[in-house]
Structure formats: C-alpha cells, structure tokens
Amino acid sequence: MIPGDAILDAFINANILFVVAFALWRAARFALDHAGLKHAYATQLKLLNTVFVAIVFSPFLILAMTSLQSAMGQGVSVNLSDMVVAFYLNGGFEMRATEFERIMLMRDTFTADVMRAGSWVAWAAIAAFFAGLAIGTVRLVFSMFCLHKIVSASYAWRRFGRLRIRLSDKTLVPFSTRGLRNYYVVIPSHMLGNADELKVSLAHEFQHLRQGDIEWEILLEALKPFFFLNPAYHAWKRQVEDLRELSCDSQVLASGRVSVKAYCETLLSVCQQTLRRDRVFVVAVPKVTLVTADRSALRDGKMTFLEQRITTLFDARSLRYPKLVYAALVLPLMAAIMLTAMAIQSPGDWSQDRLMLSTVVNLERLEEINRLSTFGRVRN
C-alpha cells in the first residue's frame, strides 16, 4: 500500500509542475508568435497535450529513472534542495544556519503537519482541499446529469458505426460528446432548414471527434476537482479549449469543403443564440460545442474569443513542416518538465552537504546554549 505522505508529496509535485509547465508553455507560445508560427494551432494543441501526459506520468518516469540509476550504481543528482544547500555552504549568501535549515525543511514540516493534522494551518489546508474537491465533484456530477438529460431528450437522426447524430429541440448550439461506447453529435432541429449551417456544424463536430477532443475534455474535467484550487490548471484547461477550437476551424477550412463566408456566418448565428442560452446547457459537460458566447469579455469591452476566431479565419496559413516544428519544441519542453520533476523531489538520503549543514546547525545551537549559560552565570 502506498504511504499517505508519498501520495501527498506526489500531489504537491503535480501542482508545482502545472505552474512550471504553464510558464514554459507561455514562453514557447511567445517564441512561436515571434517566429511567424502563431497560426500553428494544431501543433500547439499537440504540444499542450503531450506536456500534460508528461506531467501525469512524471512520478512513474522518475521512479523508473531512479531505479535505473540504482541498478547502474551511479547517477547525477539534480535535486533543487541539494543544490541550494551546496550553494549556501559555498558562501552563496549570508544567513544563520538554523534559519536556513528551517526554510529548507518547510515543505517536509508542512507535509508531516498535514498528515497528522497538527495545527490550524494543516486543518485549513485540509479543509480547503476537500471543499474544492467537494464543490468540483458536485459540479461535475450535476453537469453530467444535465448533459445526459439533453442527449436523452434528443431524437435519433443518423448513425454510422459508433457515431450517433441526433436532433434536439432543447438546445440551439451544436455539440458533441460520448458515452461509454458511442459518440454523439447533437444538432439543433432548426438547422435542418439551413443547409450551410448544418454542413458547417457537422464538419466542425466531426473534426473534434477526429482530433480526440472529447477524450481530452473528459480527462481535464475529471481531474478538475482535484486541482480546483490551482489557478494554473484552470488556465491550462482554458488554453486547451481555445486551441482546440482554433485548430478545428483551421482544419475544417483547409479541407476546402466549407467556405469562409458560410463558416463565419454560422459562428455568428450560433453565438447569437448562445447569448440567450439557458443555464442547463451552459453547465452541461463534458462536451465540445461549435461556439460559446464570451460574456465576460463583452462586459469588460475586450475582444471576445469569437472575434479572435473570425479574425484568424481570414489570416490563416498552413504550416509547411508541422512535425519538425513539433519535434523542435516538444523535446526541450519535455526535458524541462522532467528536470523540474526531478529537482522538486524530496531528497532521498543524507548527502555530504546536508551532513555538513546539520553539523553547522548543531554548532550554532551549542554556541547559543553556551552563550545563555554564560549570561546566566554572569547575572548570578
């Protein structure tokens, strides 16, 4: 059975990795924008998904690398804590050894405190986590119930293998989702009278299915309650949602089956409907829709995501070597994630530098005891 402190340690590491990965992603996207690759949305989406998988599987990869190093009898330590200790002992900065040790042990102290619920800080952290987990779980269950209600109330129209196309009088926005076995594309019934809107909506949702966006949305929504308090996770999910729509738009238009004019008109028409959307459809997840109205941007006077999508449609360019660009970016990103994952691990044993720090701390404490003893004798 896995010890509780190991699970807590892995959870803390995952939260740190999401923060670091999002910062690295922003830097990578900045580089892409200035390299003239701003419109490589499919490549960017693939990068995000790859890095996400690396974060999820980083504990297992670290365990495998550690086992390999142990079997070989040698290895290179890249533990951040050990490097900071070595830097301190080499005179990198001035600080009392006892104070430095206290700072270096803050994470271990916090982990042990949470495991035994030994202080109000530990209780606050535990309460915040379980409150976020409960809120996220209730929201997810309620959203799945709303989605099931919408799909169940729709009518069967076409079926192709595991794909079910259904018509709905309850929703005005096309969307796709899946069950345990079958995929569902739900189209508003009124679109049967508009050939262009129907064609655009089906092409868009089919492309989502080809990209595997439904599975990614399910995974991100399922993990959301566990990272409910991590803003980096929410920002990461928003980036995935934006990029999958931009990627889907570019891929559908690249096929040449839909005109830009018809595509834009459909987006505008459906978005107008979402402004009058009922709450049940808004909270229903996991699903991927044709378009949603960004009400917050409208209130703040900013450019909405729909405006960005339409602007992008008129300025889209095809990437000549997408696999080469992907490889050139994914390798350094993966290396950075793995190095970070190794660096933030708790030290496995007592290194020579840590033994030296412990000795210095003990000498400081002994000196303090002697000073207090001498002070007491002088007063007597």
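This is a predicted model: local features need pLDDT of at least 70, side-chain atom pairs count only at pLDDT 80 or more; totals for chains, interfaces and linings use all residues.
Local features need pLDDT of at least 70 and side-chain atom pairs count only at pLDDT 80 or more, while totals for chains, interfaces and linings use all residues. Residues are numbered from 1 along each chain as its sequence is written, and side-chain values use heavy atoms, with hydrogens and water left out.

User: Is strand 2 largely enclosed or open, and how many of its residues are buried?
Analyst: Strands are DSSP runs of E with at least two residues, and helices are runs of H or I with at least four, numbered from the N terminus. Buried means under 20% relative accessible area, found with a 1.4 Å probe on protein chains only. Leu-163, Ile-165 and Leu-167 are buried on one side of strand 2, and Arg-164, Arg-166 and Ser-168 are buried on the other. Strand 2 is therefore largely enclosed by the rest of the structure, the number of buried residues being six of the six.

User: In which sense do strand 2 and strand 4 pair?
Analyst: Two strands pair if DSSP finds at least two bridges between them. Leu-163 stands opposite Tyr-183 in strand 4. Strand 2 and strand 4 (residues 183-188) have six bridges, and the sense is parallel.

User: Which residue in strand 2 is the bridge partner of Ala-156?
Analyst: Strand 1 (residues 155-160) pairs with strand 2 in the antiparallel sense over five bridges. The two strands form a hairpin with two residues between them, and Gly-161 in the turn has a positive phi of about 65°. The bridge partner of Ala-156 is Arg-166.

User: Which helix gives the most to the lining of the largest cavity?
Analyst: Helix 1 (4-34), helix 2 (41-72) and helix 14 (322-343) each supply at least two residues of this lining. With three residues, the helix that gives the most is helix 1.

How values were computed:
Buried means under 20% relative accessible area, exposed over 50%, partly exposed in between (1.4 Å probe, protein chains only).
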